[in-house]
Amino acid sequence: MKRMILLFATNIAIMVVLGIFVSVFGLNRFITANGLNLPMLLMFAAVLGFGGAFISLAISKWMAKISTGAQVIAQPRNEDERWLFDTVAKLAQRAQIAMPEVAIYEGEPNAFATGPSKNNSLVAVSTGLLYSMTHREIEAVLAHEVAHIKNGDMVTMTLIQGVVNTFVFFLARVVGYLVDSFLRRNDEESSGPGIGYMVTVIVCDIVFGILASVIVMYFSRQREFRADAGAAQLMGETAPMVDALRRLGGMQPNSLPSNMAAAGISAKEGWSSLFSSHPAMADRIAALQAMR
């Protein structure tokens with residue numbers, strides 16, 4: 001539950017802040033001045049919904065470095081860093097994308113890719129992963145992350161998040177208007193949204209945001225299957241990625257900070273898998289083996 005809440009904390013926080021901004025500066029009154037203006041509300045929802053998602057995307061590299069303490073390899077200082085840098089460069093060339101920034105951070109086995117575009121990205125690897133796997137397995141993990149960049153997954157997930165945010169923002173304010181109208185049904189003198197509207201909207205922003213995350217996480221799991229297949233293509237065979245997944249399946253990847261959780265290595269079982277950004281290792285291995 002803690003991981004699930006942290007996973008969406010950054011995006012939901014942005015949505016709530018933007019929603020409060022709308023309320024404080026009276027934009028809600030403009031939307032509800034003469035009854036609920038649905039076209040205007042939908043326009044506001046789209047602006048704020050996509051605005052929150054694209055703000056998250058724009059600061060993704062900066063947030064990743066700050067939250068994990070990742071140190072970008074500007075100039076390799078040892079053989080491990082040289083190998084890591086050269087391997088990412090080789091994979092990026094094969095994928096025909098611009099060279100990502102390469103970083104290392106202290107922690108248990110994990111890795112992630114992030115950034116606002118294919119030509120402005122970051123691949124980061126933990127020391128736990130770097131020193132507990134073979135070079136062949138690490139290369140497969142790096143190929144997986146490079147495949148994410150090649151596929152434009154960061155932008156795709158931002159667009160999906162933007163659509164979901166739009167509906168969350170829209171529906172929260174419709175429910176808020178209905179609740180407020182019910183609470184003040186005998187008050188003919190007052191106009192515009194009241195405290196019932198504001199409280200209901202904030203609660204609905206949070207609740208609907210968590211429920212909508214099920215949709216976002218479904219698409220996130222699908223992108224993992226595509227990135228696994230992309231890694232196999234970059235490596236020229238499926239075996240390295242299968243071996244890497246088996247090795248990772250026997251480890252306990254650490255939990256990344258909330259803003260990076262969907263980018264790292266993670267999987268849930270049972271009902272909580274609905275909120276997991278990654279499929280189960282067994283499912284990913286089966287999908288790769290079916291490619292042979």
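Phe219 comes out partly exposed, at a relative accessible area of 36%, and Tyr218 does too, at 43%; the label covers anything between buried (under 20%) and exposed (over 50%), using a 1.4 Å probe and protein chains only. This is a predicted model, where local features need pLDDT of at least 70, side-chain atom pairs count only at pLDDT 80 or more, and totals for chains, interfaces and linings use all residues. Residues are numbered from 1 along each chain as its sequence is written, and side-chain values use heavy atoms, with hydrogens and water left out.

On to the rings: searching the whole structure turns up three aromatic pairs. Rings of Phe, Tyr and Trp (its six-membered ring) pair up if their centres lie within 6.5 Å, with planes under 30 degrees apart called stacked, over 60 edge-to-face and the rest tilted. One of the pairs is Tyr105 with Phe112, tilted at 40° between the planes and 5.8 Å centre to centre. Tyr105 is buried at 2%, and Phe112 is buried as well, at 0%. Tyr218 and Phe219 make an edge-to-face pair, 5.5 Å centre to centre with 75° between the planes.

There is also a charge over a ring (NZ of Lys or CZ of Arg within 6 Å of the ring centre and within 35 degrees of the ring normal): the charged end of Arg173 sits 3.3 Å from the centre of the Phe169 ring.

As for annotation, an unreviewed UniProt entry marks residues 5-26, 38-59, 154-175 and 195-219 as "transmembrane region", though such annotations may be inferred rather than shown by experiment. Residues 154-175 are 100% helix and 0% strand, with end C-alpha atoms 31 Å apart. Residues 195-219 are likewise 100% helix and 0% strand, with the end C-alpha atoms 36 Å apart. Helices (H or I, at least four residues) and strands (E, at least two) are DSSP runs, numbered from the N terminus.
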